[in-house]
Structures are given as C-alpha cells and as structure tokens.
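Dear colleague,

I am passing this structure on to you, and I would be glad if you could look through it before reading my notes.

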Amino acid sequence: MTAPLVEMRDISIQFGGVRAVDGVSLDLMPGEVVGLLGHNGAGKSTLIKILSGAYQASSGEIRVNGEPADIRSTRDAKKYGIETIYQTLALADNIDAAGNLFLGRELMTPWGTLDEERMAAETRGVMQRLNPNFRNLTTPVRSLSGGQRQSVAIARAIHFNARILIMDEPTAALGPAETRMVADLIRQLKAEGIGIFLISHDIHDVYDLADRCAVMKNGKMVGVVRTKDLSKDDILGMIIMGKNPVTGAVVY
Amino acid sequence: MTATSPATATTRPTARGVLDALDLDTRMLAMVGALGVIWVVFDLVTGGVFLTPRNLWNLAVQTSSVATMATGMVLVIVARYIDLSVGALLGLTGMVMAVIQARWLPGMGDISWIAALVGGALLAGAVGGLQGWWIAYRGVPAFIVTLAGLLIYRGLAWWMTSGQTVAPLNPSFEVIGGGLDGSIGAFWSWVLGIAAVLALVARAVHARRRRRQFGCLTRPLWAEAAVLLVQVVPVIAFVMVMNAYLQPRTGIPMGIPVPVLIVIAVTLVMTVVATRTRFGRYVFAIGGNPEAAELSGINVKRITVWIFVVMGLLVAVGAAIATARLKAGLNATGELDELRVIAAAVIGGTSLAGGVGTIFGAVLGALTMQSLQSGMVLLGLPSPMQNVVIGAVLVFAVWLDQSYRRGKL
Ligand SMILES: Nc1ncnc2c1ncn2[C@@H]1O[C@H](COP(=O)(O)OP(=O)(O)OP(=O)(O)O)[C@@H](O)[C@H]1O
Ligand SMILES: [Mg+2]
C-alpha cells in the first residue's frame with residue numbers, strides 16, 4: 001500500500017485562549033479528493049492554513065509521503081508541492097492577473113528583471129484551461145469580477161505542478177458554468193494523481209466529488225467517512241449534530 | 001500594467017478609439033498639463049520672467065534634492081508606511097559629509113569628497129535599515145519610528161558641531177550642487193540628449209518586438225510613433241533650454257546641471273527597481289494586500305527593511321546635493337523637507353492607502369511644488385504666505401486625484 005500523501009496527526013492550535021483546532025487528525029491519498037466540511041467557524045480554514053504554512057500548529061505532526069515535514073512558512077509548504085487556494089483568495093488587488101499568478105516565483109529575464117511578456121503568455125495559457133472568457137490579463141485584479149478573481153487564484157494553485165491541492169471554498173463566487181469547469185478540473189487533477197482537500201460548509205458542493213468527507217465542529221473532528229457509504233442527509237446530520245454515525249461519539 | 005482594448009482600437013477611428021490606441025497614461029498627461037498651466041500663468045503674471053532659460057535652469061536645480069528623495073518615498077508610501085525623518089536625516093547626513101571633508105580629511109584632494117559621499121551613504125543607509133528593523137521586526141508603527149527619528153537626527157546634526165556651520169567644502173564636491181561650475185556644458189548636454197532619444201527609439205522597437213513574439217496586443221504603428229514623439233520632444237526641448245542659459249560673465253552655455261543629471265539617473269534606476277524587479281513587485285504586493293504578500297511566500301519583514309535602506313540611500317544623495325548647493329554644512333539643512341517629499345509623492349499620484357504610485361509622478365510632483373514656490377518668490381510673496389498656498393494646493397491636488405480615481409474605477 002502506498003503511503004498517504006499527507007498525514008496530519010493530532011493537530012492543535014490556539015489563538016489566545018481559543019482552541020481553533022483541537023486534536024484533529026486527517027490524511028489524504030494520491031488521487032483522492034477529501035471534502036472538509038463544517039459550519040462557519042468550525043476550524044476548517046485554520047486547519048488547512050497549518051498545512052499550507054500560514055499558521056504554525058501548537059502541537060501535532062504533519063507527514064508528507066510518510067516523512068515528517070517541517071512546514072514553517074508557505075514557502076516550505078510549496079517545496080512539498082502543497083498549493084493552496086485561500087478562502088480570501090489572497091490576491092494583491094493592485095497587480096494584474098499575471099503578476100498575481102507568479103507572485104513570489106516570478107519569471108526573470110537573463111538580466112534579472114521581471115519577464116512580464118513570458119508571465120503574461122503563460123498566464124494566458126493557464127486561464128484558457130479554466131475560464132476561456134478571461135481576457136483582462138493586464139488590468140489590476142481589483143477591477144475583475146468575483147468569479148474572474150477566483151479563477152486567478154485557482155490558476156495560481158494549479159500552475160506550479162501541485163501534488164497536494166487545498167481548495168478553500170473555491171467556487172463561492174463562481175457561476176454555474178465556471179463551477180462545472182472547476183468540478184471537471186478537480187476530476188482531471190485527481191486522475192493525474194494529485195490529492196485534493198476540498199473545503200466547504202455545504203455538502204452539495206462536495207458530495208459528488210469527494211471520495212471521503214471529513215466533518216469538523218468547534219475545532220474538533222466529528223468523523224471521517226467514505227462518501228458513498230452515506231447519504232447527503234447523513235453527512236448533513238454530522239455537520240449539524242456533530243455526531244459520528246459509526247462510533248456514535250458526539251462533538252458539542 | 002496599462003490596459004489596451006483592441007476592439008475599439010482597430011474597428012472605428014472614434015475619439016475614444018484614438019485615445020485607446022495611443023494607450024496613454026491620462027493621469028500623467030493631466031499632471032503635465034497642470035504643470036504647464038502653472039508655468040504659463042506664472043509667466044504671464046510675472047511679465048515673462050518665469051519661462052526664461054535662467055529661471056527654468058534654477059527651477060530644475062532647486063527641485064533636485066526633494067525629487068531624489070521623493071522617488072524613495074513612493075516605495076515607502078506604496079508599501080503603506082511613511083517616513084517623517086527624511087528632512088532631519090538629510091540634515092545629519094549633510095553635516096557628516098561636510099565634517100568628513102572639511103575637518104577630518106581637509107586637503108586630501110579627491111579622497112576627501114569621495115570619503116564624504118561614501119561615509120554619508122553608509123550612515124544614511126544604515127540609519128534607514130535600523131528604522132526599517134524597528135518597524136518590521138519590533139512592530140513599532142513607521143509613523144512613530146520616523147517621528148522619533150526626526151527629533152533624534154536633527155538633534156544629532158546640531159550636536160556634531162554644537163551648531164557651528166562647517167565650511168569650506170571640497171570644490172569637486174560642490175559640483176554636485178550645480179553651482180556655476182556644476183553643469184556639463186552644451187556639447188555633453190547634446191550628447192546625452194541624443195543618446196536618450198536613441199535609447200527611447202530602441203526601447204519602443206524592442207518592446208514592440210517582444211509583445212509580438214509573445215502574442216500580446218500591440219498599438220497601431222502611427223500610435224506608436226505618436227507616443228514616441230511625446231517622449232522625444234520634451235527631451236530635446238529640455239536640452240535646448242538648459243543650453244540657452246548662458247554663464248553670466250563668460251556667456252558660455254551652461255547645459256544640464258549635475259544635480260539634475262543625478263535626478264535623471266535616480267529616476268531611471270528607481271523606475272526599473274519599482275516596475276522591473278522582484279523587490280519592486282513585492283513592495284507593490286505588500287501595499288496591495290499585506291496578507292496576500294505573506295501567503296505568497298514574500299518575506300514582508302525583510303522587504304520592509306530594504307525599503308527603508310533604499311530611502312536612506314536616497315536621502316544621502318539628496319543630502320549631497322543640498323549641502324553642495326549651500327557650499328557648507330548647516331544643522332538646519334533640509335528642515336521641513338519631509339513634508340515637501342511626502343507632498344511631492346502624493347501630488348504625483350502616490351496613494352496614502354498604499355499599493356499605487358509611480359516614480360515619474362513623484363518627480364513631476366516635486367517639480368510642481370517647486371514651480372509654485374519659485375513663482376511665488378518671483379511675485380515677491382512672503383515665505384509664510386507661500387506655505388499657505390502650498391498647503392491649500394496639497395489638499396486640492398489630493399482631492400482631485402481621489403475624484404479622478406473614483407470616477408475611473
Ligand atoms: N488569526 C486568528 N486569530 C484569532 N482567532 C482566529 C484566527 N483565525 C481563526 N480564528 C478563530 O478560529 C475559529 C475557526 O475559524 P476558521 O476560519 O478556521 O473557520 P472555518 O471553518 O473556515 O469557517 P468558514 O466556513 O466561515 O470559513 C473561529 O472561531 C475564528 O474566530
Ligand atoms: Mg473558512
């Protein structure tokens with residue numbers, strides 16, 4: 001059996017006195033989509049921000065490909081092939097799509113200056129795959145629509161050969177057509193062996209895509225279940241009641 | 001990062017289409033236009049004294065120090081910081097430069113002025129870095145750190161000599177200030193002017209070829225030529241005006257003053273830094289969204305320190321110009337310059353909310369402020385009243401800019 005791409009073991013983090021994530025364990029296999037569900041404030045974003053290097057866990061361990069991983073910054077996470085689409089998108093509004101896509105890993109000319117043309121050309125290539133109507137490559141992303149901005153954030157995560165992709169509510173601002181394209185993209189990436197965490201507070205967003213669903217409540221893990229073993233209503237029950245249908249344990 | 005809209009540019013030659021095809025920075029054009037209006041009005045009310053080679057030459061020299069520092073202030077403000085210490089740091093650095101050449105190494109020839117420049121640059125760069133460190137790694141707001149700096153450096157500038165003026169300076173050093181011997185003459189001015197024109201043409205051709213190669217949109221050829229003309233004509237006009245100012249006694253053309261050459265070089269370098277380097281890109285990213293910059297793996301703290309180091313180095317350049325122009329080290333040199341520098345950047349379109357600003361705009365802003373000041377001097381307005389006008393203009397200019405942006409977005 002292959003080692004999991006990611007294993008998070010007993011992860012906790014505190015902000016002041018608040019335990020935003022409390023003893024959570026979760027893993028991800030190659031080519032697997034794991035839905036991470038829970039109410040607003042359940043701790044989903046905080047958990048994945050620990051994996052993406054934005055936060056440091058107070059305790060717990062992260063392993064990548066079976067090896068302990070030392071992730072102290074988003075740069076470290078990217079070295080492990082972990083790419084993240086943040087819920088807030090994390091775009092610099094005053095910079096254009098290409099500038100945002102390559103932010104932190106700019107393409108340079110032999111003279112050590114930014115290679116704007118090459119970055120623009122590559123950006124056009126990626127955007128073609130995501131959102132063929134996207135043409136505003138040289139305007140600051142501030143003036144783009146919510147959906148277009150989301151496309152830029154998605155493009156940034158998939159362009160650099162991610163092996164582990166974290167998508168925090170990636171379709172929140174997308175229309176039906178674009179949402180379908182993202183679903184297709186997820187299936188395609190999955191087929192390429194990429195592991196994906198798909199975060200949402202709505203079971204309908206993830207039910208058809210996720211192999212497993214992990215449900216969080218108040219910073220704790222309610223349970224991790226195989227999606228096809230349960231109905232949408234069962235999982236909805238987990239989200240609302242915080243009750244694990246297998247063990248019967250309840251998170252308050 | 002300018003917008004092109006090909007559809008309107010290629011279909012019908014409407015007025016809008018023509019403007020789009022030219023792909024000009026309308027905001028910058030408006031600034032140049034405002035400056036032109038100020039110049040013409042002052043020329044009319046002063047009875048033709050303002051638009052003379054002599055006055056324009058002096059205007060250029062007087063703008064140099066503030067314009068140099070304003071290019072650094074753009075980066076500071078774009079990254080959502082502020083630097084209130086530049087005037088005081090200029091005073092201290094100028095004093096150190098004067099002391100090095102007049103007291104420590106007098107009669108040492110070229111070594112003394114080179115040591116003064118290097119020493120001043122090291123000092124100001126290090127002080128800037130220290131301020132940046134307090135801001136980035138110790139979390140003290142830039143406003144407080146640099147306000148403290150204002151008090152400290154001005155005090156130290158006095159303490160260096162207990163308030164005594166330091167002179168005489170090395171004659172080679174004084175060239176930096178652009179006195180009677182501080183210009184490069186007609187021949188070299190033309191050499192530089194022609195080189196600049198050739199460089200502009202080469203750049204346009206190169207840019208067009210690159211954009212073609214990567215399948216980006218290009219302007220129609222006539223528009224390309226028009227834009228090039230808009231750049232080339234001012235260059236030639238500038239050289240002609242600088243050469244038209246004759247040395248009072250000998251009648252030899254002065255040509256471009258050395259401090260103005262320094263400003264031109266600083267503007268070019270800083271424009272490349274701001275728009276073509278990783279560092280500049282990160283400065284803008286931090287200003288646009290600090291959290292996003294951090295999440296993208298940018299070391300925001302380290303970039304912050306470097307921003308203030310660059311600001312410090314530019315203060316050293318400004319200090320060399322100001323001190324050389326005065327031909328002496330005075331502890332009061334550069335008083336209120338922090339406000340002039342910030343005003344120049346802001347009038348030049350740098351947004352105090354961060355993320356927006358251009359180097360060239362700040363230089364234009366400095367020139368606009370100095371034009372107002374010089375014009376009022378020619379009109380014999382008392383200096384306290386000049387401040388009243390400049391203050392009012394600052395508020396008006398920022399209001400105008402904000403309205404423009406709101407209408408545009
Ligand atoms: N930087 C922070 N400082 C303090 N508290 C925080 C911080 N980040 C998150 N929290 C707290 O941690 C808890 C979990 O927040 P988190 O953003 O992870 O929820 P979520 O499950 O992603 O919710 P949503 O569905 O609204 O995105 C919340 O109570 C929140 O207030
Ligand atoms: Mg969240």
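The notes below go from the contact between the chains to the parts of each chain and then to some local details.

Please keep in mind throughout that this is a predicted model.

**Where chain A meets chain B**

In the contact between the two chains, 32 residues of chain A touch 27 residues of chain B. The area buried between chain A and chain B is about 2600 Å², and carbon and sulfur atoms give 55% of that area. On the side of chain A, Asn94(A), Leu114(A) and Glu117(A) together supply 21% of the area that this chain buries against chain B, which is more than any other three residues supply.

Between chain A and chain B the count is 5 salt bridges, and there are also 12 residue pairs in polar contact, with both residues at pLDDT 80 or more. One of the salt bridges joins Glu116(A) to Arg281(B), with the closest N and O atoms 2.9 Å apart. Side chains of opposite charge can pair when their charged atoms come close.

Which elements of chain A give two or more residues to the side that touches chain B? They are α2 (74-79) and α4 (116-130) of chain A, and the largest share, 5 residues, comes from α4(A). Sorted by class, the residues on this side of chain A divide into 10 nonpolar, 8 polar and 14 charged.

**The two domains of chain B**

Chain B is divided into domain 1, made up of 26-39 + 48-182 + 257-405, and domain 2, which covers 183-256. The contact between them takes 14 residues from domain 1 of chain B and 13 residues from domain 2 of chain B, while the C-alpha centres of these two domains lie 25 Å apart.

The area buried between domain 1 of chain B and domain 2 of chain B is about 1100 Å², with 77% of it given by carbon and sulfur atoms. Across this interface there are 0 salt bridges, although 3 residue pairs are in polar contact, both residues of each pair being at pLDDT 80 or more. On the side of domain 1 of chain B that touches domain 2 of chain B, the elements giving two or more residues are α4 (53-78) and α11 (258-276) of chain B. Of these, α4(B) gives the largest share, 5 residues, and by class this side of domain 1 of chain B has 10 nonpolar, 2 polar and 2 charged residues.

**Chain A and its annotation**

An unreviewed UniProt entry carries the annotation "domain: ABC transporter", which covers residues 6-243 of chain A.

Over all chains the count comes to 23 salt bridges, and one that lies within chain A is the pair of Asp22(A) and Lys220(A), whose closest N and O atoms are 3.8 Å apart. Because Asp22(A) lies in strand β2 (residues 18-28) and Lys220(A) in strand β10 (residues 220-226) of chain A, this pair ties together parts that are 198 residues apart in sequence.

**Two details of the backbone**

Most residues other than glycine have a negative phi, and most peptide bonds are trans. Against that background, Asn65(A) has a positive phi, near 55°, and this residue lies in the loop between β4 (59-64) and β5 (67-68) of chain A. In chain B, the peptide bond from Ala167(B) to Pro168(B) is cis, with omega near -5°, and Pro168(B) lies in the loop between α7 (142-161) and α8 (171-174) of chain B.

With kind regards

Note on methods:
Residues are numbered from 1 along each chain as its sequence is written. Chains are lettered from A and ligands numbered from 1 in the order in which they are written. This is a predicted model: local features need pLDDT of at least 70, side-chain atom pairs count only at pLDDT 80 or more; totals for chains, interfaces and linings use all residues. Side-chain values use heavy atoms; hydrogens and water are left out. Domain bounds come from an automatic or database domain assignment. Contact means heavy atoms within 4.5 Å. Buried area is the accessible area (1.4 Å probe) that two parts lose on being put together, summed over both. A salt bridge is a side-chain nitrogen of Lys or Arg within 4 Å of a carboxyl oxygen of Asp or Glu. A polar contact is a pair of N or O atoms within 3.5 Å; within protein, one must be able to donate a hydrogen and the other to accept it, and residues adjacent in sequence count only if both atoms are side-chain atoms. Helices (H or I, at least four residues) and strands (E, at least two) are DSSP runs, numbered from the N terminus. Ala, Val, Leu, Ile, Met, Phe, Trp, Tyr, Cys and Pro count as nonpolar, Asp, Glu, Lys and Arg as charged, and the others, Gly among them, as polar. UniProt positions are given in the numbering used here, feature names are shortened, and annotations may be inferred rather than shown by experiment.
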